[in-house]
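Open the structure in your viewer and keep the selection tool handy. We will go from one stop to the next together.

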Amino acid sequence: MKATDSPLWVRMCSPNQPNDELTELRFSLSHNEQIKQELENFLYAQWLYLNSKARMELDDAMRKEYQHAAHTIAELTGLIFRPDKPETTTKILPLV
C-alpha cells in the first residue's frame, strides 16, 4: 500500500519507506525520457547552486544548511536515478 493512500495523520506518525511511490515515479520516468532528463538536469542545477551558495556563505550555520540541502538533493537524485542493482566492478581502490 502506498503511503499516500493512508490518512494524513497515519503518514505523519508512522514514517515508512516510500517504495511504492518510488517505483511508480521510476516507471513514469522510464516512459518519458524528456521529463526524466529535465528532472535530472534540474536536480543537478539545484545541487550546483546550493553548493556554490555554501562556498560563498560566511556564516557557518547558513553554510551548513546549504551543504545539508545540497546533500539531500544528491540523495534524492541517487534514490530516483540509480539502478536497483549497482554495477559490480573488479577495480581496487588505491591505498592511501
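Predicted model: local features only at pLDDT ≥ 70, side-chain atom pairs only at ≥ 80, totals over all residues.

Residues are numbered from 1 along each chain as its sequence is written, and side-chain values use heavy atoms, with hydrogens and water left out.

**Stop one: α3 and α4.** Select 33–56 for α3 and 60–81 for α4; helices are DSSP runs (H or I, at least four residues), numbered from the N terminus. They pack at an angle of about 160°, their axes 8 Å apart (axes are lines fitted to C-alpha atoms over the stretch in contact, and angles run from 0 to 180 degrees between N-to-C directions). That makes α3 roughly antiparallel to α4 (angles over 145 degrees).

Now show the side chains. Next pick L43, which touches I73, T77 and F81, leaving aside residues up to four places away in sequence.

**Stop two: α2.** Select residues 19–31, helix α2, which packs against α4 at about 70°, with the axes 9 Å apart. The two helices are therefore roughly perpendicular to each other (65 to 115 degrees). Which residues of α2 meet L79, I80 and F81 in α4? Colour L22, L25, R26 and L29 to see them.

How values were computed
Contact = heavy atoms within 4.5 Å. Parallel < 35°, antiparallel > 145°, perpendicular 65-115°, else oblique.
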